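Visitor: I'm new to this one. Could you show me around?

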Amino acid sequence: MRRLLLPVLMVMALSAAAQTAPKIVYTEASDLTLTGKLMDTPNPYHRVDTVRFKGFTKSENNQVRNSAGIAVAFKTNAKNISVLTEYGDVGWPNNTGGFSARGYDLYIKRDGRWIWAGAGVSGDLTKPFNVISNMDGTMKECLLYLPILSEEYSVKIGVEEGAVLEAIPNPFRHRIGIFGSSFTHGISTSRAGMAYPDIFTRDTGLQLLSLGCSGNCKLQSYFADVLAAADVDAFIFDTFSNPSPEQIQERLFPFIEKVQAAHPGKPLIFQRTIYREWRNFNTGTAASEANRIAVVDSLMKIACKKYKDVYYIHPNASAPDHETTQDGTHPSDRGYQLWAQSIEKPVKKILRKYGIK
């Protein structure tokens with residue numbers, strides 16, 4: 001009798017659990033509020049319309065369709081938040097965490113600050129996963145960062161049936177474009193919201209619109225065409241980390257002139273490339289980086305005198321113990337935090353001159 005009852009009891013228990021499990025209702029993220037987007041695109045999770053803008057290499061074409069720097073802002077009183085994704089191209093890098101490359105990163109506002117709440121990625125990319133569970137059911141303002149090295153066709157945010165899930169106004173102010181290298185893209189971050197432009201935005205409330213393209217930010221004229229078409233109040237550039245000194249000498253002034261022609265009177269803030277920890281003992285890298293910086297310093301001294309509204313600042317992503325790198329080139333999460341902090345004061349000082357506060 002016991003042998004007969006056991007399977008029956010197990011079926012009854014599973015049936016009861018299925019009946020009590022809440023139904024999940026999904027909302028497309030693009031129907032909420034997207035922050036960090038440089039321009040409108042037919043696919044809302046792309047950063048550039050690659051039908052409209054031409055000239056990109058295959059690699060660049062893929063990268064500008066990555067959702068790096070884009071986040072979804074919403075409010076909810078749900079106890080659990082899940083994400084279901086329809087991916088296009090998916091990134092599987094060696095030097096960047098899966099939560100960052102293909103996953104999601106959730107922040108919730110508490111006492112006026114954005115506090116980390118949850119992160120993750122589904123083990124089966126065709127299935128949903130919970131980014132956070134067991135919350136208290138009170139209304140919360142949320143910010144969900146999208147993957148930095150993947151393309152999405154659909155991003156659905158799920159909450160239990162009956163819970164509120166609504167768009168909120170963009171929690172950040174102004175539109176400040178930022179074009180840069182793998183550093184700006186967020187390579188070597190452990191989570192999708194840990195690139196320095198994201199940290200800067202959360203810390204200051206000033207919205208940076210990221211166009212980081214790992215290995216491919218080389219002052220190309222076709223990228224200047226994209227920036228010229230963007231609706232922005234100012235620009236920040238990390239444009240000296242990828243190109244050779246020869247490319248910088250050839251391209252810098254025409255790049256400035258093209259962007260300025262489309263955005264007269266708006267500040268263009270260029271950043272010196274950061275110290276790469278490979279320089280510590282690799283004499284070849286040390287000499288190459290020193291030469292690149294010397295060339296840039298010389299050219300930017302001329303540029304700041306030749307062009308009105310052009311500025312040059314020096315970021316820092318290193319600590320005295322030199323323990324803020326992931327791979328010798330890219331900072332760790334802590335290094336990116338130091339970078340964001342190092343540029344906050346000079347950037348805000350420059351922007352204030354233009355009424356951007």
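Visitor: Is Glu289 buried or exposed?
Guide: First, a heads-up: this is a predicted model, where local features need pLDDT of at least 70, side-chain atom pairs count only at pLDDT 80 or more, and totals for chains, interfaces and linings use all residues. Residues are numbered from 1 along each chain as its sequence is written, and side-chain values use heavy atoms, with hydrogens and water left out. Buried means under 20% relative accessible area, exposed over 50%, and partly exposed in between (1.4 Å probe, protein chains only). Glu289 has 4% relative accessibility, so Glu289 counts as buried.

Visitor: Which helix holds Glu289?
Guide: Helices here are DSSP runs of H or I with at least four residues, strands are E runs of at least two, and both are numbered from the N terminus. Glu289 sits in the one spanning residues 283–306, helix α8.

Visitor: Which residue meets the side chain of Glu289 in a salt bridge?
Guide: A salt bridge is a side-chain nitrogen of Lys or Arg within 4 Å of a carboxyl oxygen of Asp or Glu. The partner of Glu289 comes to 3.3 Å, N to O, and is Arg276. Glu289 lies in helix α8 and Arg276 in the loop between β14 (268–271) and α8, so the pair ties together parts 13 residues apart in sequence. Arg276 is buried as well, at 12% relative accessibility, and the partner you asked for is Arg276.

Visitor: Which residues are linked with Arg276 in a network of salt bridges?
Guide: Glu289 belongs to that network. Alongside Arg276, the linked residues are Glu289 and Arg292.

Visitor: How many salt bridges does the count come to?
Guide: One of them joins Lys75 and Glu166, at 3.6 Å from N to O. Lys75 lies in strand β3 (residues 71–76) and Glu166 in strand β10 (residues 165–167), so this pair ties together parts 91 residues apart in sequence. Asp136 and Lys140 form a salt bridge too, with their closest N and O atoms 2.5 Å apart. The count comes to 11.

Visitor: How many residues of helix α5 are buried?
Guide: Helix α5 covers residues 196–204 and is mostly covered. Among its buried residues are Tyr196, Phe200 and Thr201, with Thr201 at a relative accessible area of 7%. Of the nine residues in α5, the buried ones number eight.

Visitor: What is the C-alpha separation of Thr201 and Glu344?
Guide: Thr201 is found in helix α5. Along the chain, Thr201 and Glu344 are 143 residues apart. Their C-alpha atoms are separated by 9.8 Å.
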